[in-house]
Amino acid sequence: MLIVDDHDLVATSLALGLRAEGLDARACSPVAATAEDGPGLVLLDLDLGRDAQGHRIDGVTLVAPLRAAGWTVLVLSGTVDRARIGAALAEGAVAAVPKAAPFPRLLVAVRAALAGREAMSDARRQELVDLHARRSADRRSLGARLDRLTPREREVLAHLAAGHRAQAVADTFVVSLATVRSQIRAILTKLEASSQLEAVALYRRAAPPDAGR
């Protein structure tokens, strides 16, 4: 059994606890995990820090490669984003257990997954997968509306989302305030937004989950 977590202490402590229960478990780095050959079980965190280039490692993207390598994947994550858990389940994870869950609960899920039994109720699993599907559809719809914007309008909207006022945006692009206000009106029209606040909210909703973390 592999434990994929970017916190060495957490992974090592969990491995020791599982070994004490007679289960063969060891910690494995996110980078090395997909190079390991299954079959077996992987306990996978979803928030896996950053790679050598500083890019965030999203555990959801590891589910399919791990499954292709023959592993059964059980999500063990501290994320409170249920749609992200749904995304991992949609990619093929068999179940999800919160990191805050009592160890006996995790142990039950682990033993069930190892035995090929149901480790999560079908109803709960479908609820999370459906939530992910709805969010993905919403994000695609928002993306289509954002695609109506010109590159400069996108830049202006990004500045507004960062909390910059229109005058500051004008100063950044060395244009008049009237020009920026005209661009903002165009943004509202194209996004079908009734206010600047709504446009900014749409922009943030369209961003990838946990962007910038």
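Biologist: Is K190 buried or exposed, or something in between?
Modeller: K190 is partly exposed, at a relative accessible area of 25%. Keep in mind that this is a predicted model.

Biologist: And which residue does K190 form a salt bridge with?
Modeller: That would be E153, with 2.9 Å between the closest N and O atoms. K190 belongs to helix α9 and E153 to helix α7, so the pair ties together parts 37 residues apart in sequence.

Biologist: Is E153 buried or exposed?
Modeller: E153 is buried, because its relative accessible area is 8% and the cut-off for buried is under 20%.

Biologist: OK, how many salt bridges are there in the whole structure?
Modeller: The search finds 13. One of them joins R82 and E127, whose closest N and O atoms are 3.1 Å apart. R82 sits in helix α4 and E127 in helix α6, so this pair ties together parts 45 residues apart in sequence.

Biologist: How accessible is R82? And E127?
Modeller: R82 comes out at 36% relative accessibility, which counts as partly exposed. E127 is also partly exposed, at 38%.

Biologist: Switching topic: how many residues are in the largest nonpolar core?
Modeller: It has 45 residues, and L74 is among those with the most contacts inside it. Leaving aside neighbours within four places in sequence, L74 is in contact with residues including L41, V94 and A113.

Biologist: What lies apart from that core?
Modeller: Another core, of 21 residues, with L191 and A199 among them.

How values were computed: Residues numbered from 1 in each chain as written. Predicted model: local features only at pLDDT ≥ 70, side-chain atom pairs only at ≥ 80, totals over all residues. Heavy atoms only, no water. Core = buried A, V, L, I, M, F, W, Y, C linked by side-chain atoms within 4.5 Å. Buried < 20%, exposed > 50% of the residue type's maximum accessible area, 1.4 Å probe, protein only. Contact = heavy atoms within 4.5 Å. Salt bridge = Lys/Arg side-chain N within 4 Å of Asp/Glu carboxyl O. Helix = DSSP H or I, 4+ residues; strand = E, 2+ residues; numbered from the N terminus.
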